Amino acid sequence: MKNAIVAPLLGACLLVAMTPVAATQADAGLRLEQVVGRVLARNPQLQQFDTEARAAGARVRQAGQGTPYRLGLELENILGTGPFERMDTPEATLSLSRVLETGGKPGHRAELARSRLGQLRTEQDARRLDVLAAAARQFVRVVGLQQQVGLARDELELVRANRESVRRRVEAGRSPDADLARADIAVDRAELALAQAHSELDSARLGLAVHWAATTPDFNRAEADLFRLPGVEPFDHYAAQLERNPDLARFATRARLAEARQRLAAARATPDVELGGGLRYLGEGDEAALLFSARIPLGSRSRAEPYRAEADNLALLTPWQREQQRLELHAALYAIHRQLRQARERTLRLRGEIIPAAERVLDDYSRGYARGRYSLLDLTQARRTLLELRREALAAATDYHLSRVELDRLIGVGPDAGVQP
């Protein structure tokens, strides 16, 4: 089951793909499959799982234990009054007894504990998937912020070049000094934006490293191509895999848990028998006698009825709870699928049509400004439009990969991972 949980993130590795050149370089950056390996090996939350499972296994052994033997000693006719004032004629009884559980109660208790162990493992699968998905999302954010830094650096270079162009026009007397002051302000703002982008990237890198218990980032760069956008399958393709979701799989163990609880409740109706035997010293001479005892509680069936009613009603809840969970997951999957398709279409159109058109417009305004055909305001607006479109394309590509990670989380496996449960 652990491989099935790793699969979605390995599938995402194919989506957030590395460039072949970067992957072969000696100083290649951190790749998503490396993130997955580090998280599985070092994440503190995941390291708890084996300990939790061992504790649950110990509870199985506890539940399967039978009742203990009881060794008893009774002394009578001592330290009383009259003829019993002294210990001349004491009576002593040494006995051994045990409650014999009927109806297979130890086995049913062990079965119930084993069902709880199975439930724990399915819950751990869901938690493991949550941890890996969170790491994958943070990885995508780091890559996106690296791209943001690149865009901020490009903007700074652009406004600096624009300032030099304005300076030449001012020196030639073709533009007012106010244009140069505005160009200086644009450079200052771009420098602040670049510093802010670096700060956000540093915080995000640490946020990623924390997933494998590192207190400082131990990588130089997250390596991925956000603009590689594989196609999106029809919704029914993913809906058919929804049953693999650990949040649904846990209901199978809940059903087994409910059945085990019902069997244990039914066994309570069978009364247990306490058997005992021993030796009694009668206090006169060397006379002694054997004794045997048997005790059976009355009313076991009526006392067991509330337990049986509780177990039956809890068993009836499980199918309804599962159906409610399935419907909620189905709706969430549909919404994520729509977001995924929309993000892909938006990215492709921006990069394929709109941004090239904006680049041509900026090129035209740059040449026109140099010849005095356009104002600095026109050139600045064209530049700002292009930068905003590039940021919008990056945001759309980031949304695509974040949605893809969430979709993989919902279906429980990555369809392109090639890893079998």
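1. A charge is said to sit over a ring if NZ of Lys or CZ of Arg is within 6 Å of the ring centre and within 35 degrees of the ring normal. In this predicted model, the charged end of Arg98 does this with Tyr69, at 4.8 Å from the centre of the ring. Arg254 likewise lies over the face of Phe251, 4.6 Å from the ring centre.

2. A word on the ground rules: local features need pLDDT of at least 70, side-chain atom pairs count only at pLDDT 80 or more, and totals for chains, interfaces and linings use all residues. Residues are numbered from 1 along each chain as its sequence is written, and side-chain values use heavy atoms, with hydrogens and water left out.

3. Gly173 follows α5, with a positive phi near 80 degrees.

4. Have a look at His108 too, which lies in α5. His108 counts as buried because its relative accessibility is 18%, buried being under 20% relative accessible area, exposed over 50% and partly exposed in between (1.4 Å probe, protein chains only). Leaving aside residues up to four places away in sequence, His108 touches Gly103, Arg263, Leu264 and Ala267, where contact means heavy atoms within 4.5 Å.

Technical notes
Helix = DSSP H or I, 4+ residues; strand = E, 2+ residues; numbered from the N terminus.
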